[in-house]
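Subject: Structure handover

Hi,

Here is the structure I promised to pass on. Have a look at it first, and then read on for what turned up.

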Amino acid sequence: MLRRSSTLLLLLCSTFAAFGQDQYDKAMLMDYFQEQQYDKVIAYMEGTVKPVHVNGLAVLANAYLQNGQTADAERTYQRVLEKDSNNIAALQQLGNIARAQQQYVNAITHYSKLVALRPDNAIYYKQLANAAANITGLQDTAFALMKISYSLNRKDASVVTFLAEEYLDRKDYLHTDSVLQQYYQFDSTNTLVVAALVKSSYQQKKYREVVTYGEQLINANSVHSFAYLCLAVSHYSLDHYDSTIRVYDKMMELTQSEPETLKYYAALSYAKLKQYNKSNEMLEQCISSAKSRSLDAYYTALASNFEEMKQYRSAIAHYDTAYYLFKDPMRQYGIARIYDQYVQDPQKAKRYYQLFLKNAKPGSKNEKDIQTYVKERVKSL
């Protein structure tokens, strides 16, 4: 930061030979900037120099900006542009100020000028794209601008991840993996890129690749909530139940929080490992914190656990609660199946089978097969 400020000051002091010059003590100002004594720069420039030319105004504007006096900096940079409409530093900082204040149209005005002045500068295209991405209707424009930035510099991770997200939204996995893998070959340690690879692999159901990249995030102690969820689900899908639980524990360790969906998959994993009490404890916690339709999955998982534990009344009660809350006929089928196969109460089994048939709206092949089976089963009860 100190080096950047002092370098900027040198540039400001030396690039305006074609204009009138304000006279000031460059060495003293350099020391102030290096020591981040911006208030002293401001006092000296306002009280002693009283700048009227581009060079002095630019120094004062920069000091205002570094000192957190954004309004003063903006006003002073505008004075710079009045004297030099192509001033790179002023256009850059005014664009940054506008973007920080979410004044994206104003930001685009300044960044567009920079692109026109320096059409081979990748950063200017990136800045313009980021501003355009925040304006409704300009998302495709932002995408096109970011692709230009990428063509000029393929080693900017923020550009790579922007493009990857856009390609993912379009389900264009070929281009998604292309930009990510090219960067990954250059730098495999950037966790934002690794997290994007996790997301892309997960959307393509490449669970083993999710595990490869996701474990890299785990080993780096890097927190990426969605990537961790993808990793946990992938481990679960691959029957890596201990690893699913480990991902949940790692998320707890790093964030001191208990993400609901991760806890759900950890609970399912404990059930697969026959640790039903631990699974039920975690599912009960999910239920108590859930505020969405996820409750249906939680109650159903609890019912399945109790069924495996041969605690059929508890299983029926949880299926019944799930149906009461969300009216999914598959929960009525679950109750009927327990009465039929385990409790051996054909009257109640038939009743719940009939309720299932009355309410069923099968969508998947599995649900249609169940409906067909139930129709035949009811005839024999």
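Histidine 110 counts as buried because its relative accessibility is 12%, where buried means under 20% relative accessible area, exposed over 50% and partly exposed in between (1.4 Å probe, protein chains only). You will find histidine 110 in helix 7 (residues 104–117); helices are DSSP runs of H or I with at least four residues, numbered from the N terminus. Setting aside neighbours within four places in sequence, histidine 110 is in contact with Gln78, Leu81, Leu91, Leu94 and Gly95, contact being heavy atoms within 4.5 Å.

Before you go further: this is a predicted model, so local features need pLDDT of at least 70 and side-chain atom pairs count only at pLDDT 80 or more, while totals for chains, interfaces and linings use all residues. Residues are numbered from 1 along each chain as its sequence is written, and side-chain values use heavy atoms, with hydrogens and water left out.

Next, a helix pair. The axes of helix 6 (residues 88–100) and helix 8 (residues 122–132) come within 11 Å and cross at roughly 25 degrees. Axes here are lines fitted to C-alpha atoms, for helices over the stretch in contact, with angles from 0 to 180 degrees between N-to-C directions. Helix 6 and helix 8 are therefore roughly parallel to each other, as angles under 35 degrees count as roughly parallel. Ile88, Gln92, Asn96 and Arg99 of helix 6 make the contact with Tyr124, Gln127 and Asn130 of helix 8.

Now the core. The largest nonpolar core has 117 residues, and Leu29, Val41, Met45, Leu163, Leu180 and Tyr264 have the most contacts inside it. Helix 4 (residues 54–66) gives the largest share of this core, eight residues. By nonpolar core I mean a set of buried Ala, Val, Leu, Ile, Met, Phe, Trp, Tyr and Cys residues joined through side-chain atoms within 4.5 Å. In soluble globular proteins, nonpolar side chains tend to be buried together.

On to charged pairs. The count comes to 13 salt bridges, each a side-chain nitrogen of Lys or Arg within 4 Å of a carboxyl oxygen of Asp or Glu.

- Arginine 331 and aspartate 296 form one of them, at 2.9 Å from N to O. This pair links distant parts of the chain, 35 residues apart, with arginine 331 in helix 20 (residues 329–343) and aspartate 296 in helix 18. Arginine 331 counts as buried because its relative accessibility is 14%, and aspartate 296 is buried too, with 7%.
- Lysine 250 and glutamate 253 meet at 3.7 Å, N to O. Both lie in helix 15 (residues 241–255), three residues apart, about one turn of the helix. Lysine 250 counts as buried, at 16% relative accessibility.
- Glutamate 376 and lysine 379 meet at 3.4 Å, N to O, and both sit in helix 22 (residues 365–380), three residues apart. Glutamate 376 counts as partly exposed at 48% relative accessibility, whereas lysine 379 is exposed, with a relative accessible area of 64%.
- Asp140, Glu166 and Arg170 are linked in a network of salt bridges.

Glutamate 308 counts as partly exposed because its relative accessibility is 48%. Between glutamate 308 and tyrosine 276 there are 8.7 Å in space, C-alpha to C-alpha, and the two are 32 residues apart in sequence.

Cheers

How values were computed: Helices (H or I, at least four residues) and strands (E, at least two) are DSSP runs, numbered from the N terminus. Angles under 35 degrees count as roughly parallel, over 145 as roughly antiparallel, 65 to 115 as roughly perpendicular and the rest as oblique.
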